[in-house]
Amino acid sequence: MMPRWLVPLVLLAIAAALPFGVSTYYVQFIGKAFIMGMLAMALNLAVGHGGMVSICHAAFFGLAGYVLALMSPGYDPASLVLTLPVAAAASGFVALVIGALALRTRGAYFIMVTLAFGEMMFFLFHDTDIAGGSDGTYVNAKPEIAIAGHRLLDLASPLAFYYVVLALLIATIVLLTVLLRSPFGHALAAARDNERRARSLGFPVYRIRLTAFAISGAIAGVAGYFATAQFGFVAPEMLGWHLSATVLVMVLIGGLRSVTGPLVGALVLIGLEEVLKASTDYWKLAEGLIVILIVLSMPNGVRQLWPLIFGATGDAATRPARVPAEANHV
Amino acid sequence: MSEVALSATALDKHFGGLRAVSGVSVDVHVGEVHAVIGPNGAGKSTLINLLSGELFANAGRIMLGDADITRLAPDRRARAGLGRAYQKTTIFPKFTVHENVRLAAQARSPHRLRMFGGVGSDAAVRARAAEAIARVGLAGREAVIAEALSHGEQRQLEIAMVLATDPRIVLLDEPLAGMGQAEARGIIALIASLKQGRAVLIVEHDMDAVFALADRLTVMHDGRVIASGPPQEVRMHPAVRAAYLGDHGADA
Amino acid sequence: MDLVTFGVQLLNAVQYGMVLFLVASGLTLVFGILGVINLAHGAFYMLGAYLAYWIATYTGSFALAMAGGVAIAFVVGLLLETVFIRRLYGRDHLAQVLLSFGLILSIDEAREILFGKDVHSVAPPAWLAGSFQLTDNLSYPVYRLAICAFCLVVAALIFLVVTRTRIGMIVRAGAENREMTRVLGIRFDVVNRYVFAVGIALAALGGIVVAPVSTVFPGMGDGMLILSFVVVVLGGIGSVAGAAIGALLIGLTDTFGKVFFPSVSSVLIYVLMAAVLLWRPNGILGRREV
Ligand SMILES: Nc1ncnc2c1ncn2[C@@H]1O[C@H](COP(=O)(O)OP(=O)(O)OP(=O)(O)O)[C@@H](O)[C@H]1O
Ligand SMILES: [Mg+2]
């Protein structure tokens with residue numbers, strides 16, 4: 001069997017070689033799945049690592065898309081270097097504000113409050129005529145990096161787009177891994193596992209969680225920015241809570257205690273949707289039932305099948321999530 | 001008289017109509033073990049929760065040295081030098097012994113929330129954690145997941161975590177509860193050694209341990225202090241004998 | 001705004017708030033007793049409205065639609081509890097959220113298969129179909145008043161159950177204190193099943209009652225779910241009185257918000273929620289944590 005450290009390299013090589021083996025449709029499809037994987041990994045920073053079950057990450061995702069749409073000058077491409085940071089910062093800031101309020105509550109309350117504030121963001125774009133109201137708006141040209149009129153990078157090329165998304169995906173994985181191995185990451189996990197103990201040791205639990213929540217929102221924004229650039233379109237539904245819940249399903253499928261698990265979850269769920277859509281008109285019914293089945297049969301996600309496939313691992317980061325209700329500290 | 005590390009004045013705490021703590025004042029001195037005893041439901045744990053900030057008092061004042069900490073959140077109090085162990089063991093059950101204590105040491109490090117660099121890279125934190133583990137007698141058990149420890153070992157672990165935060169005031173709520181004889185003896189010796197340079201407040205039902213450890217004794221009953229002072233005086237106090245110690249006080 | 005218009009708006013606000021209370025109290029009951037957070041609650045509100053439309057179309061009787069809709073929802077509730085929900089007891093909130101999300105997807109699709117995705121309207125019962133002429137160009141539908149009266153009766157019933165029965169004690173004790181109520185000797189498995197069914201039936205009832213004054217459309221459950229959550233957050237989990245206060249507050253905020261601040265009205269209730277979170281994070285009548 002392959003040594004463990006080789007696995008990511010092989011996967012990376014496959015991902016990098018992919019555009020040369022499959023049609024443009026699939027390159028775009030995988031690109032979309034990667035973007036959703038980024039969103040799911042961002043969400044899992046809050047849910048799995050921070051213990052904050054948030055149902056408003058679609059709002060951060062969609063908001064960044066709107067920032068791109070609003071900053072795009074008509075039919076000309078927007079500057080990536082300018083708009084991406086603004087979009088991520090906007091999402092991070094809104095996450096900070098929503099988190100600051102929602103983190104005053106715990107458990108089921110937190111879920112309800114995030115859901116409600118997420119819907120507030122939805123209505124903000126749905127009921128007002130910012131960027132097309134309920135119809136949404138087009139982003140006519142994909143963002144680019146240009147210096148003095150020279151295009152260095154043009155996202156309109158599917159190949160360039162794919163590699164940029166792949167690079168950001170890797171950056172997200174690296175960033176989250178570094179963060180979770182740092183003192184901050186351990187403090188976050190400690191607060192999740194036993195809030196009272198973390199606090200009485202001297203950890204400022206509220207601030208730690210809020211920071212993680214805002215970072216998670218900003219990464220979700222980066223994902224949303226590229227999703228919008230890829231579709232060339234943004235609509236209020238992109239902020240809606242059905243998307244938030246769907247991403248939560250990806251997180252659960254991938255497993256709560258890992259960095260890359262949610263990426264796997266995203267690939268699995270999006271692949272599954274594709275198969276279901278192709279095979280039945282009632283694919284949502286099937287998907288709903290499958291989600292129910294997964295929740296009931298695999299509390300730790302498909303990851304719990306991995307030891308069966310790859311052999312047991314003793315990695316501290318993947319120690320199984322504790323499922324009983326007492327694990328809900330937020 | 002020795003320096004007062006923690007001073008609470010006229011604390012009140014009500015739960016609905018129940019006065020769990022009423023008009024309680026305690027001073028905890030550096031270099032002393034101050035024991036609080038009293039029957040079940042006397043308000044001892046509530047008092048500790050008030051001191052540690054887990055509960056806010058309805059009335060009264062708490063001073064940590066010269067600083068008024070009455071309205072300070074528990075994490076701020078902890079960083080100001082207050083460490084506590086709970087009556088019901090409160091640790092990180094999914095983390096190893098080493099990780100538990102390292103987290104505690106990290107909490108007092110200036111880099112406690114640094115976002116880069118592995119947790120293991122801070123030598124000072126590692127050293128403080130190792131020292132605390134050795135001091136409570138858990139050396140050799142570092143790699144064990146905390147929830148797999150015996151009950152007694154978990155109590156030891158919690159004390160190690162408190163020690164690793166290098167507190168100036170230590171609050172211990174029934175540290176011996178559920179411990180075997182041998183384990184208890186070790187912990188009693190450990191607690192006795194803690195008061196070097198620190199103030200220790202301990203709630204304990206084991207009278208032998210209390211009289212072995214305490215430099216000062218406060219007796220609570222129904223949320224009130226009914227006696228406080230040197231142990232030998234307090235045990236002779238008629239109200240105490242009537243309310244709590246009964247015959248036990250005579251032959252302890 | 002003259003007094004009559006104000007009165008009309010006030011009535012609208014109260015009527016809206018009462019329906020909201022009906023639905024939200026079902027949510028609170030289920031959460032308070034079962035400890036389960038049910039995102040599919042709104043889906044049953046939607047289902048109730050569609051059932052009302054369907055039965056009323058075939059029988060021509062709104063009374064039958066109401067009875068039938070509630071009965072069907074109740075039975076579906078019993079079934080769902082037995083098959084799915086009971087497996088969630090003691091599981092974390094994430095599992096509950098996702099399982100109920102799966103239910104939403106399934107219910108939505110089932111609705112599409114059974115009733116399609118068209119927008120419908122339902123006629124109120126004939127004897128309530130008229131309206132009061134208030135001024136020359138202002139009238140008020142009798143049916144809306146009837147909603148108020150009906151909801152008041154149901155609310156009174158809910159309050160009676162919560163304040164006078166042992167099950168009510170559990171609700172008031174709240175989900176956190178469930179061990180305490182265990183000693184009351186209540187058969188939890190049986191109680192849970194019926195409580196869940198009643199909660200679902202209340203959601204459906206809400207949908208049925210509003211069907212004649214609003215349209216019946218696929219997305220109506222989502223909006224109601226969010227509003228119910230806001231009601232619970234405002235009032236405090238497990239507090240039925242809190243739910244009543246929260247529901248009325250939202251009714252007033254929404255109705256008068258639309259009158260006075262039409263451009264931002266949809267955001268106002270969230271501002272209200274933010275204010276309450278700052279002021280009392282556990283809700284207006286929620287237990288204080290510290
Ligand atoms: N959070 C709370 N809410 C309501 N009542 C409480 C709460 N905490 C404690 N009490 C009540 O306050 C009183 C004092 O409790 P406390 O735990 O302080 O007693 P104690 O002296 O520590 O008892 P023990 O020796 O059994 O640990 C008890 O009657 C208890 O039931
Ligand atoms: Mg106690």
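Which residue in S2(C) does C:Phe132 stand opposite? The answer is in point 1, and a few other places worth a visit follow. Please keep in mind that this is a predicted model.

1. **A hairpin in chain C.** C:Phe132 stands opposite C:Tyr140 in S2(C). The two strands concerned are S1, residues 131-135, and S2, residues 138-141, of chain C; they pair in the antiparallel sense, with 4 bridges between them. A hairpin through 2 residues takes the chain from S1(C) to S2(C).

2. **C:Asp108 and its contacts.** Staying in chain C, you can find C:Asp108 in helix H4, which spans residues 93-115 of that chain. If neighbours within four places in sequence are left aside, C:Asp108 is in contact with A:His242, C:Met46 and C:Pro218. For a sense of distance, take C:Gly246: C:Asp108 and C:Gly246 are separated by 138 residues in sequence and by 28 Å in space, from C-alpha to C-alpha.

3. **Two helices of chain A.** Now turn to helix H4 (residues 80-102) and helix H5 (residues 107-127) of chain A, which pack at an angle of about 145° with their axes 10 Å apart. The crossing of H4(A) and H5(A) is right-handed. On the H4(A) side, the contact is made by A:Val94, A:Ile98, A:Leu101 and A:Ala102, while H5(A) brings A:Phe110, A:Val113, A:Thr114, A:Phe117 and A:Met121. By class, the residues of this contact of H4(A) with H5(A) comprise 8 nonpolar, 1 polar and no charged.

4. **The six-stranded sheet of chain B.** In chain B, 6 strands form an open sheet with mixed pairing, in the order S6-S7-S8-S3-S9-S10. At the edges are strand S6 (82-85) and strand S10 (224-229) of chain B, each of which pairs on one side only. From one strand to the next, the twist averages 15°. Within the sheet, strand S3 (residues 33-37) and strand S8 (residues 199-203) of chain B pair in the parallel sense over 4 bridges. One place to look is B:His34, whose bridge partner in S8(B) is B:Leu201. Helix H5 (residues 151-164) of chain B packs on the sheet, where H5 touches S6 and S7 of chain B and makes about 175° with the direction of S6(B).

5. **The four-stranded sheet of chain B.** A further open sheet in chain B has 4 strands in the order S2-S1-S4-S5, and the pairing is antiparallel. Strand S2 (18-29) and strand S5 (67-68) of chain B each have a single partner strand, so one side of each is left without a neighbour in the sheet. Strand S1 (residues 4-15) of chain B runs antiparallel to S2(B), and 8 bridges join them. Among the residues involved, B:Ser7 has B:Asp27 as its bridge partner in S2(B).

6. **Helix H1 of chain B.** H1(B) packs on the four-stranded sheet, touching S1, S2 and strand S4 (59-64) of chain B, at about 120° to the direction of S1(B). Helix H1, residues 44-52 of chain B, also lies across S3, S6, strand S7 (169-173), S8 and strand S9 (216-221) of chain B, and runs at about 150° to S7(B).

Methods:
Residues are numbered from 1 along each chain as its sequence is written. Chains are lettered from A and ligands numbered from 1 in the order in which they are written. This is a predicted model: local features need pLDDT of at least 70, side-chain atom pairs count only at pLDDT 80 or more; totals for chains, interfaces and linings use all residues. Side-chain values use heavy atoms; hydrogens and water are left out. Two strands pair if DSSP finds at least two bridges between them. Axes are lines fitted to C-alpha atoms, for helices over the stretch in contact, and angles run from 0 to 180 degrees between N-to-C directions. Contact means heavy atoms within 4.5 Å. A crossing is left-handed if the near helix is turned anticlockwise from the far one by less than a right angle, and right-handed if clockwise. Ala, Val, Leu, Ile, Met, Phe, Trp, Tyr, Cys and Pro count as nonpolar, Asp, Glu, Lys and Arg as charged, and the others, Gly among them, as polar.
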